[in-house]
Amino acid sequence: MTTLAVNAFESRTETILKGLRESGQLKILQTIEGPMDATVHLRGFGEVACFCSNNYLGLANDPRVVEAGIEGLRRYGAGTASVRFICGSFDCHERLERRIAEFYGVESSYTFTSCWNANEAIFPTLCEPGDIIISDELNHASIIDGIRLAAVIKKGLHKTVYRHGDLSSLRAKLEEARANPEVTGTAWVVTDGVFSMEGDLGDLPGIRALCDEFGAKLVVDDSHGTGVMGRTGRGTHEHWGMAASKVDYFTGTLGKALGGGAGGYICGSRAATDLLVQRGRPTLFSNALPCTIACSADKAIEVMMQEPERVERLRRNVAAVRQGIADVGFEVLKSPTAICPIIVHDTAKAIAMSRRLLELGVFVIGFGYPVVPEGHARLRVQVSAAHGPDHINALLAGLSQLKREFA
Ligand SMILES: Cc1ncc(COP(=O)(O)O)c(C=O)c1O
């Protein structure tokens, strides 16, 4: 007979935390003492240029977006204290969902408290036993977990992974699926539009062509592409010159370019959003997006649709930062996105470099394991339309200093 180890949790947790502390890998959460903008006020560091937020269009502290959130709170209170199928939706949810659908030019959208939640809703709800989900190996963790959850809930639902951005690997997986007698339903291909750690793009035209050849559905999580890619910021499909109708379903976040508060959505056909209302576990068992956010995100999308010059300013800033990083002597993967990873391999080194940058007045985060694979640690520089030349100069001066101090 075995004995339960009463203190097993405490001792293993202490061991993990001690290991992280001693190897310099412990994450320290900074405290921000004001709004998110081109600069932020960090406790202990003062005003620093912020290059680690997803505030791509600089709307997180836009007075119109802030005011809309305050007005939402005044008008609707904190919420219904319930889920939507029980107490209903506020009209601000309906407005936001119409706005998102209009922004993409698709039939319908449905919101969630996060895109993480949206990705945990879409696969377990829309996919059934006999289907197969084929996912890029570097897709966001929320897609990976959403697919895992779907496979647990729906026994007989197949899942597989193709090599990152590799169309021949995707083709091989689709061929395997076609030859598999147990795959009798729909094939779903899933990709990020912009990959959050690499800052590269999903090859949507190539993936779509394969989906058409094999009769598969395409799902794109464009959390880092929306508001950033394409002439009007519609997203990665616009960058590639594709109509939104070429993507069967989008998932996305309201917690980055589109206001920056929180929230996520799924958009595409009305039949799919109707099914999510009937069967999605996060829709049936979890509260709606807070009204403050529904109202501020709605305003953020309205502002971005009216002011496409923000997207143009972001594009110019991205070009200047990418060129500047290369001039300083760091390598950054070539790509048009606002995510510029500088690979330094070692997690402790990435954290030490990030800390030094903060002392120099620049806020850039070092990412290591388990956010990226062991040996692939990096500084991730993220660009915003809110940045002016002074912020970009501060970033490049800080990186120059790092180049001298760290071998
Ligand atoms: C590609 C991608 N999908 C989903 C998410 C999760 O978004 P949210 O913060 O709305 O849960 C993120 C956030 O980092 C992301 O980068």
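Biologist: Let's start with α10: which elements do its buried residues pack against?

Modeller: Quick heads-up, this is a predicted model. Helix α10 runs over residues 270-279, and Ala 272, Thr 273 and Leu 276 are its buried residues. Those buried residues pack against β3 (108-112), α5 (115-126), β8 (249-253), β9 (264-268) and α11 (281-285).

Biologist: Why can we say that the buried residues of α10 line one face of the helix?

Modeller: The buried ones are Ala 272, Thr 273 and Leu 276. Look down the axis of α10: they line one face because they all fall within an arc of 95°.

Biologist: Now α14. How far apart are its end C-alpha atoms?

Modeller: Helix α14 covers residues 347-359. Count 1.5 Å a residue, and the 13 residues of α14 should span 18 Å; the distance between the end C-alpha atoms agrees with that, at 19 Å.

Biologist: How wide is the arc that the buried residues of α14 cover around the axis?

Modeller: Buried in α14 are Thr 347, Ala 350, Ile 351, Met 353, Ser 354 and Leu 357. They sit on the same side of α14, because the arc they cover is only 160°.

Biologist: What covers those buried residues of α14, and which exposed residues are on the face turned away?

Modeller: The cover includes β10 (339-345), β11 (362-363), β12 (365-367), β13 (377-382) and α15 (389-405). On the face turned away from the buried side, you'll find the exposed residues Arg 355 and Glu 359.

Biologist: Is Ala 352 buried, partly exposed or exposed?

Modeller: Ala 352 belongs to helix α14. A residue needs 20 or more neighbours to be buried, and 12 or fewer to be exposed. Ala 352 has 17 C-beta neighbours inside 10 Å, so it counts as partly exposed.

Biologist: Zooming out, how is the touching side of domain 1 made up by class?

Modeller: There's domain 1 (24-53 + 308-405) and domain 2 (63-306). Their contact takes 14 residues from domain 1 and 14 residues from domain 2. On the domain 1 side, α13 (309-328) and β10 are the elements that give two or more residues. By class, that side has 11 nonpolar, 2 polar and 1 charged residues.

Biologist: Last one: which residues come nearest to the ligand?

Modeller: The shell around the ligand divides into 2 nonpolar, 9 polar and 2 charged residues. Of the 13 residues there, the nearest are Ser 114, Cys 115, Trp 116, His 140 and Thr 253.

Technical notes:
Residues are numbered from 1 along each chain as its sequence is written. This is a predicted model: local features need pLDDT of at least 70, side-chain atom pairs count only at pLDDT 80 or more; totals for chains, interfaces and linings use all residues. Helices (H or I, at least four residues) and strands (E, at least two) are DSSP runs, numbered from the N terminus. A residue is near a molecule or strand if its C-beta atom, placed from the backbone, lies within 6 Å of it. Ala, Val, Leu, Ile, Met, Phe, Trp, Tyr, Cys and Pro count as nonpolar, Asp, Glu, Lys and Arg as charged, and the others, Gly among them, as polar. The expected span of a helix is 1.5 Å times one less than its number of residues. The arc is that of the directions from the helix axis to the C-beta atoms. Two residues are in contact if their C-beta atoms, placed from the backbone, lie within 7 Å. Domain bounds come from an automatic or database domain assignment.
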